[in-house]
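Subject: Structure for you, with notes

Hello,

Here is the structure I promised to pass on. Please open it first, then read my notes below.

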Number of protein chains: 2
Amino acid sequence: MTAFSTEVSTSQAFPPSDSRERVSHWMKSLQNKICQGLEQLDGEGKFQQDNWERAEGGGGRSRVMKEGRIFEQGGVGFSEVWGKDLPPSILVQRPEAAGHGFYATGTSMVLHPRNPYVPTVHLNYRYFEAGPVWWFGGGIDLTPYYPFAEDAQHFHATLKNACDAHHSEYYNTFKLWCDEYFYLKHRGETRGIGGIFFDYQDTQGVLYPISYPGSQMDTAAAQHSQAVGSVKGRTWEDLFAFVQDCGNAFLPAYVPIVERRNDIAYGEHQRNFQLYRRGRYVEFNLVYDRGTIFGLQTNGRTESILMSLPPMVRWEYGYQPEPGSPEASLYDTFLKPQDWVNWRPNS
Amino acid sequence: MTAFSTEVSTSQAFPPSDSRERVSHWMKSLQNKICQGLEQLDGEGKFQQDNWERAEGGGGRSRVMKEGRIFEQGGVGFSEVWGKDLPPSILVQRPEAAGHGFYATGTSMVLHPRNPYVPTVHLNYRYFEAGPVWWFGGGIDLTPYYPFAEDAQHFHATLKNACDAHHSEYYNTFKLWCDEYFYLKHRGETRGIGGIFFDYQDTQGVLYPISYPGSQMDTAAAQHSQAVGSVKGRTWEDLFAFVQDCGNAFLPAYVPIVERRNDIAYGEHQRNFQLYRRGRYVEFNLVYDRGTIFGLQTNGRTESILMSLPPMVRWEYGYQPEPGSPEASLYDTFLKPQDWVNWRPNS
């Protein structure tokens, strides 16, 4: 608290007066850019837009592509909401926000391709202001159904490049954070091969909240963050620029993977496995995901919050992959944290 | 607390010395009886049993029927577990149990029929002991996909008969409780037509916990319970006999509905609607269900906990039933609390 009180006396600790307009404008432009890129990639599917308003304040625009050539379903949402109180799950992390109104804006996306060889992918970036505090959060992560190490390497290397332009410790820290966040404790599995994820980034410089309520994995990310220590001297402009580079890294990280995999022929066996694994996506989003919980707790628009859920899903009691199969390789290697950025073809 | 201290001085407040053996024996016999009845009804599908042990203490037997004639999937589980501490979600309700070991045994069941005209159904009965406190809980509820008022009437009337043999206020109170518990707040819908549900039933005689954390509906059940007041003078034997009658009411409540509806022809339209509505079952179980949360919080066997999830599910952004259709009738009438037991053919 003392450190924070000192920080707010410097001008760098405050957002600029037009912070909300600038961030929400960029969040909308990210939604536009992603939708244009995906329509071009798909070649057939088009996004349909629904505008919505929230009784307590704010609203958004939800865009959904159904039954495209590549994407069985894809949702890209923008929202800008405000209200009296942040929900308890956030106030635990930022008690300074208690008793203040809040403002939040963000863009989020989940794509469910039809071909099981093309991975599902998720992006979310968000910005909060509440009384004396503000922060950026978000990330990008990839969920393959079939194991291609070169795809994982490309995805992580692209995100690392975006991070490295801003701080040498960002990628390592936010990669660990992502592995920890997208972890299904009840399954003992990561959701996929991860990516980067961060939250509560402000000028206080704390990269990782040491006591992260609901932390689901081991404490690797927390230990790493302690070793790194606080990254001081970051301004609001630094963080906004970093988040923009992260958002802009999405298309180059994902599009080449789709182009490589979408023409691979598949059969009922691969489709069934994809539908089964999509069940894990549902389990994660409904049991653990803080964005989903935030939306439901703040009377968000249910259809927009749950447009991340897959169009068709299967559960099967007691499923086990056949030893030596590609499905087993997914479980053995791709559903555990790996140093993907340093993977090499003959490693 | 004072009332409770007085009560425990009477012998009726204590369970008999062989309470655990008697209840767990009955829970197993209920599982047997239900599985036999369902195999006979299905005519083709057979339950396969998995025995499992829990590292912290106890175990169970999970039985699953896959790809039967009537049942696309059905799971009937028995478990008997013990450990050091109850999870926080229960200790909030029974703080007297803090610092004591616990014992819990129960039977639970979810059936997913193939024909969309046959409703999904759920049963769960459970018994807890922890230090100075013990209680029974559970219920039965029906989730139709297509609206048949006579099915809803039969289902509720059968449960009411079981309740009325024990207390004239049970059915009304536990029906309201069920409507409140199986409510999807983010959808503004009940899960189905309800049934009965209760928890924390002991000699204290409190029918309904007035401050029910996470209560999802209005306070109708709480208000009714306050009006009824505490039901005093119930012994452990009374409550055990009541729970047995509730469990035994399942087959007569459900089997005639299956027999009436399973031969109705259906097409892709009805199947698609069923798969879509099954998504609500997933949303309820993963977001709200206390049994699921208890299982995941106490390191239960994930495959057994999640065998309630449907074998195939669909989500569709922005779905709305066509006005005047049977699907619209489900939404308008069957996904809201109704006085089903007093429904008459020409009402």
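One definition before the notes: two residues are in contact if their C-beta atoms, placed from the backbone, lie within 7 Å. Please also keep in mind that this is a predicted model.

**Helix α2 of chain A**

Start with α2(A), residues 19-42. This helix has 24 residues. From first C-alpha to last it reaches 34 Å, close to the 34 Å expected at 1.5 Å a residue. Its buried residues are V23(A), S24(A), M27(A), L30(A), Q31(A), I34(A), L38(A) and D42(A). What covers them? The cover includes strands β2 (58-66), β3 (71-83), β4 (102-113) and β5 of chain A. It also includes helices α7 and α8 of chain A.

**Helix α8 of chain A**

Now α8(A), residues 250-261. This helix has 12 residues and reaches 17 Å between its end C-alphas, close to the 16 Å expected at 1.5 Å a residue. Buried here are F250(A), A253(A), Y254(A), I257(A), V258(A) and R261(A). Why do they lie on the same side of α8(A)? Because they cover an arc of only 110° around the axis.

How are chains A and B related? A rotation of 180° with 0.0 Å of shift along its axis superposes chain A on chain B, with an RMSD of 0.0 Å. The two copies are therefore related as by a two-fold rotation axis. In chain A, the C-alpha nearest that axis belongs to V313(A), at 2.5 Å. The same surface serves both copies, as 100% of the contact residues of chain A recur in chain B.

**Where they touch**

In all, 24 residues of chain A are in contact with 24 residues of chain B. On the chain A side, the elements that give two or more residues are α9 (268-287), α11 (302-305) and β10 (312-314). Helix α9(A) gives the most, with four residues. By type, the residues of this side divide into 14 nonpolar, four polar and six charged.

Look also at the strands. β10(A) pairs with β10(B), residues 312-314, in the antiparallel sense over three bridges. There, R314(A) stands opposite M312(B).

Best wishes

Conventions
Residues numbered from 1 in each chain as written. Chains lettered and ligands numbered in written order. Predicted model: local features only at pLDDT ≥ 70, side-chain atom pairs only at ≥ 80, totals over all residues. Expected span 1.5 Å × (residues − 1). Buried ≥ 20, exposed ≤ 12 C-beta atoms within 10 Å, placed from the backbone. Arc of directions from axis to C-beta. Least-squares fit on C-alpha atoms with pLDDT ≥ 70 in both. Nonpolar A, V, L, I, M, F, W, Y, C, P; charged D, E, K, R; others polar. Pairing = 2+ DSSP bridges.
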